Amino acid sequence: GCCSLILPSCSTVPITDRKQLSIIPESKINMQAAAAYEKFRTKAKLIKEGPQLKEIIEIGKRIEIAVSSFFTNKGEEDPTKNFSWDYVLVDNDKVVNAWCMPGGKIAVYTGLLKITKNTNALSIVMGHEIAHAVAKHSVERASQAMTINLGTQVADIFLGGAINRTRNTIGQNTGMDIFRIGIFNPFGRKQETEADYLGLIFSSLAGYDIRESVKLWQRMAEKNKGKEPPVFLSTHPSSAKRISNLKNWINEVIIKYPPIKL
């Protein structure tokens, strides 16, 4: 990782203190994300008013303030200081999803609300997505991809193209990219688990009942029953692993990260 690179550039994930590769400037990623977000807004079918959108904005604002206050109170740099927060509700019942682009651009799909069912559960999902942005996972992913592409290109020169030949052969025979399975997916699961943990903290800091997280993922597991891919092929932890992690974290988070007065 960081130590093996020429002219390494590392940063530290807030709270977890995990070292991460950070070659590409956050400002560049945020600028690209903002442009993509505006393009998305023009094409997506958005719900512009109503209680569901109001709830999403309220949860987001509470987490915004709680996260910023937490780091300020500790005398640490606020990782969201350059965010331009925005929230949209996408009218699509078939999509059970939410995401947060770098820089705080958040979308929730109406299909997700059928699974969350209540404010506390929705705060868990939004906290998780916001955690990806706070932990700068997009910067890390882009930096990792850059080093992998550069490294394989250099190695292939000395190996006479053996890496690409092997990659293409396996890909043609199995439909799988060995680098995506062997490198990107485990890396993705690490980020997802970190976002689960940080998201739980952010939801707790904002005053929500994080015990609802277990019930949420039990409902999610039931919906995905028989549909989840094998763990080694997935960028997300299995629902069972996720539920186990959450059960182990909940009491610690409630004690160490109580609600901040907003």
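In this predicted model, Lys74 and Glu76 are joined by a salt bridge, with 3.4 Å between the closest N and O atoms. Both partners sit at intermediate accessibility: Lys74 is partly exposed, with a relative accessible area of 47%, and Glu76 is likewise partly exposed, at 38%. This pair is one of 13 salt bridges in the structure. Side chains of opposite charge can pair when their charged atoms come close. Another example is formed by Arg211 and Asp209, whose side chains meet at 2.9 Å, N to O. Here Arg211 is exposed, with a relative accessible area of 54%, while Asp209 counts as partly exposed at 29%.

Salt bridges that share partners also tie Arg18, Glu140 and Glu194 into one network. Within it, the closest N and O atoms of Arg18 and Glu194 are 2.8 Å apart. This pair links distant parts of the chain, with 176 residues separating the two. Arg18 lies in the loop between strand E1 (10-12) and strand E2 (19-21), whereas Glu194 belongs to helix H7 (residues 178-205). Both are buried: because burial means under 20% relative accessible area, Arg18 qualifies at 19%, and Glu194 does so at 7%.

Attention now turns to the sheet. Four strands make up an open sheet of mixed pairing, in the order E3-E4-E6-E5. Strand E3 (46-47) and E5 are the edge strands, each pairing on one side only. Strands of a sheet pair through backbone hydrogen bonds, either parallel or antiparallel. Strand E4 (residues 86-90) runs parallel to E6, and five bridges connect the two. Asp86 stands opposite Lys105 of E6, and Val88 has Ala107 as its bridge partner in that strand. Strand E5 (residues 98-101), by contrast, is antiparallel to E6 and is joined to it by four bridges; in this pairing, Met101 is the bridge partner of Lys105. Three residues lie between the strands of the E5 and E6 hairpin, where Gly103 adopts a positive phi near 90 degrees.

How enclosed is strand E6 (residues 105-109)? Five of its five residues are buried, so the strand is largely enclosed by the rest of the structure. In a regular strand the side chains alternate between the two faces of the sheet. Both faces of E6 are covered, with Lys105, Ala107 and Tyr109 buried on one side and Ile106 and Val108 buried on the other.

A salt bridge requires the nitrogen to be within 4 Å of a carboxyl oxygen. The side chain of Lys105 does, however, reach the backbone oxygen of Ser84 at 2.7 Å. Leaving aside residues up to four places away in sequence, Lys105 touches Tyr37, Ser84, Asp86, Trp99 and Cys100.

Finally, a word on confidence. The mean pLDDT of the protein chain is 82, and 76% of its residues reach 70 or more. Over residues 150-163, pLDDT stays under 50, and the model has ten contacts beyond four places in sequence for this stretch. Residues 165-187 also have pLDDT below 50, with 31 contacts in the model beyond near neighbours in sequence.

Key. Residues are numbered from 1 along each chain as its sequence is written. This is a predicted model: local features need pLDDT of at least 70, side-chain atom pairs count only at pLDDT 80 or more; totals for chains, interfaces and linings use all residues. Side-chain values use heavy atoms; hydrogens and water are left out. Buried means under 20% relative accessible area, exposed over 50%, partly exposed in between (1.4 Å probe, protein chains only). Two strands pair if DSSP finds at least two bridges between them. A polar contact is a pair of N or O atoms within 3.5 Å; within protein, one must be able to donate a hydrogen and the other to accept it, and residues adjacent in sequence count only if both atoms are side-chain atoms. Contact means heavy atoms within 4.5 Å. pLDDT is the predictor's confidence in each residue, from 0 to 100.
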